[in-house]
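Trainee: I would like to learn how to read a structure like this one. Could we go through it feature by feature?

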Amino acid sequence: MSRPLALLLLLGVPLLWSACGKGSSNRSETGKTSFPAVDTALAVFGKKLFDDRNFGKSGLACSDCHSECDEAVPPLDRIYPGHSIVGAAGRTQAWNGIISGDAMRETAAGTAICAVRFLKKAKSPAEALSHRESKAFLAFFAAISTGKEPDHLAWRALVYPGDTAKTRRNLEQADERVSALTGNAPRGAVLFRNACSSCHGEGKVTGLAPSLSRSVMGRMGRIIRAGKGAMPFFSMDRLSDQDIADIIAHVRSSVQ
Ligand code: HEC
Ligand code: HEC
């Protein structure tokens with residue numbers, strides 16, 4: 001590698017990795033990581049893919065749905081539909097156990113499912129990522145992880161990509177729980193700003209997602225829990241049933 005390029009990578013890494021809030025355990029201040037095996041050039045490529053809205057066909061980037069910060073460290077007002085990818089390289093399973101073993105490496109710890117489902121990059125996870133892209137994502141995940149993260153994420157799932165009957169049952173029950181609650185519109189306005197407006201805009205059009213109309217009101221709860229096309233789902237630990245009831249109350253009161 002040429003010296004200017006090597007220098008650029010060394011200087012570039014701390015800058016590229018500094019998107020997190022103050023007090024974050026992200027090692028952007030020093031640029032050092034506790035993963036000796038990280039290939040920096042590959043990790044930089046992985047970070048580029050992570051932010052690239054043209055990586056797939058839906059116009060969304062990984063970074064529209066996942067943070068690269070330690071979520072235990074405030075302040076993160078924004079509520080991302082997916083969990084932080086910090087620690088993903090060290091996990092032994094993903095998608096609530098649907099992916100494990102060798103598939104973790106091949107799918108970049110579950111990334112390939114998102115590439116199919118949300119980025120519309122390919123028809124199947126096996127076609128979604130090249131070998132180099134998987135390695136680049138894993139190198140990036142490793143570069144921002146401490147190695148102390150849990151070996152899997154226990155997100156409270158309602159959606160099981162491999163089990164449609166279970167998913168349908170979970171969603172029906174969620175709909176019933178949400179419609180039994182009274183929504184608080186002012187609280188919902190804050191939640192909408194933090195969880196929805198990055199894609200749906202707020203008065204403004206972001207171009208990432210359609211602005212919401214009255215015609216979808218009746219299906220809002222289900223769409224938030226199940227997703228729809230490139231629209232991500234929010235699991236129970238991302239938004240509670242009360243949060244969703246509040247968001248619906250806000251949208252009802254503000255949408256024409
Ligand atoms: C439209 C939103 C969206 C986009 C875009 C998206 N994801 Fe996801 N991703 C999710 C959701 C929702 C889940 C479910 C699990 C969760 O909440 O993290 C998920 C799951 C994952 C997981 C597995 C989490 C586990 O269970 O261990 C990884 C890793 C991941 N995404 C990485 C990526 C990467 C890398 C990209 C870009 C190529 C990407 N995602 C694009 C929403 C998205
Ligand atoms: C990462 C981007 C993203 C986030 C965050 C997001 N959405 Fe969406 N949403 C989309 C996209 C893209 C679509 C269009 C999906 C399609 O039809 O293919 C959509 C569609 C919808 C629809 C259906 C609209 C219609 O006319 O059919 C509703 C309702 C909706 N979103 C509500 C929400 C709410 C409420 C939130 C916050 C809790 C939210 N979305 C967060 C990207 C997002």
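Trainee: Is His66 buried or exposed?

Mentor: The model is a predicted one, and burial is judged from relative accessible area, with under 20% as the cut-off for buried. His66 has a relative accessible area of 19%, so it counts as buried. Cys114, at 16%, is buried too.

Trainee: What do His66 and Cys114 coordinate?

Mentor: Through NE2 of His66 and SG of Cys114, they coordinate the iron atom of ligand 1, at 2.0 to 2.2 Å. The two residues come from distant parts of the chain, 48 residues apart. His66 sits in the loop between α2 (40-50) and β1 (93-94), while Cys114 belongs to helix α4 (residues 111-117).

Trainee: How is the geometry at the iron atom of ligand 1 read, and what is the arrangement?

Mentor: Ideal angles for six octahedral donors are 90 or 180 degrees. Around the iron atom of ligand 1, the six donor atoms subtend angles of 86 to 178 degrees, and the arrangement is therefore octahedral.

Trainee: Which protein donors does the iron atom of ligand 2 have?

Mentor: They are His200, through NE2, and Met231, through SD, lying 2.0 to 2.1 Å from the iron. This pair also links distant parts of the chain: His200 is in helix α9 (residues 197-200) and Met231 in the loop between α10 and α11, 31 residues apart. The site of the iron atom of ligand 2 is octahedral, with angles of 86 to 180 degrees among its six donor atoms.

Trainee: Are His200 and Met231 buried or partly exposed?

Mentor: His200 is buried, with a relative accessible area of 14%. Met231 has 22% and is partly exposed.

Trainee: Why is α11 described as largely enclosed?

Mentor: Because ten of its 14 residues are buried, α11 is largely enclosed by the rest of the structure. Among the buried residues of α11 are Asp241, Ile244, Ile248 and Val251. The elements covering the buried residues of α11 include α7 (164-179), α8 (185-195) and α10 (220-226).

Trainee: At what angle do the axes of α8 and α11 cross?

Mentor: They cross at roughly 100 degrees and come within 7 Å. That makes α8 roughly perpendicular to α11. Residues making the contact include Leu191 and Phe192 of α8, and Ile247 and His250 of α11.

Trainee: What about a residue whose spatial neighbours lie elsewhere in the sequence?

Mentor: Take Arg78, in the loop between α2 and β1. Arg78 and Ala195 are 117 residues apart in sequence, yet their C-alpha atoms are 6.1 Å apart in space. With neighbours within four places in sequence left aside, Arg78 contacts Ser63, Asp64, Asn194 and Ser198. At 30% relative accessibility, Arg78 is partly exposed.

Trainee: How many helices and strands does the protein chain have, and what share of its residues is buried?

Mentor: The protein chain has eleven helices and two strands, in the order α-α-β-β-α-α-α-α-α-α-α-α-α. Of its 256 residues, 46% are buried. Among contacts between residues at least 6 apart in sequence, 62% join residues at least 24 apart.

Methods:
Residues numbered from 1 in each chain as written. Chains lettered and ligands numbered in written order. Predicted model: local features only at pLDDT ≥ 70, side-chain atom pairs only at ≥ 80, totals over all residues. Heavy atoms only, no water. Buried < 20%, exposed > 50% of the residue type's maximum accessible area, 1.4 Å probe, protein only. Helix = DSSP H or I, 4+ residues; strand = E, 2+ residues; numbered from the N terminus. Contact = heavy atoms within 4.5 Å. Donors = N, O, S within 2.8 Å, 3.2 Å for Na, K, Ca; no water. Tetrahedral: all angles 85-135°; square planar, octahedral: opposite > 155°, others 65-115°. Axes fitted to C-alpha atoms, helices over the stretch in contact; angles between N-to-C directions. Parallel < 35°, antiparallel > 145°, perpendicular 65-115°, else oblique.
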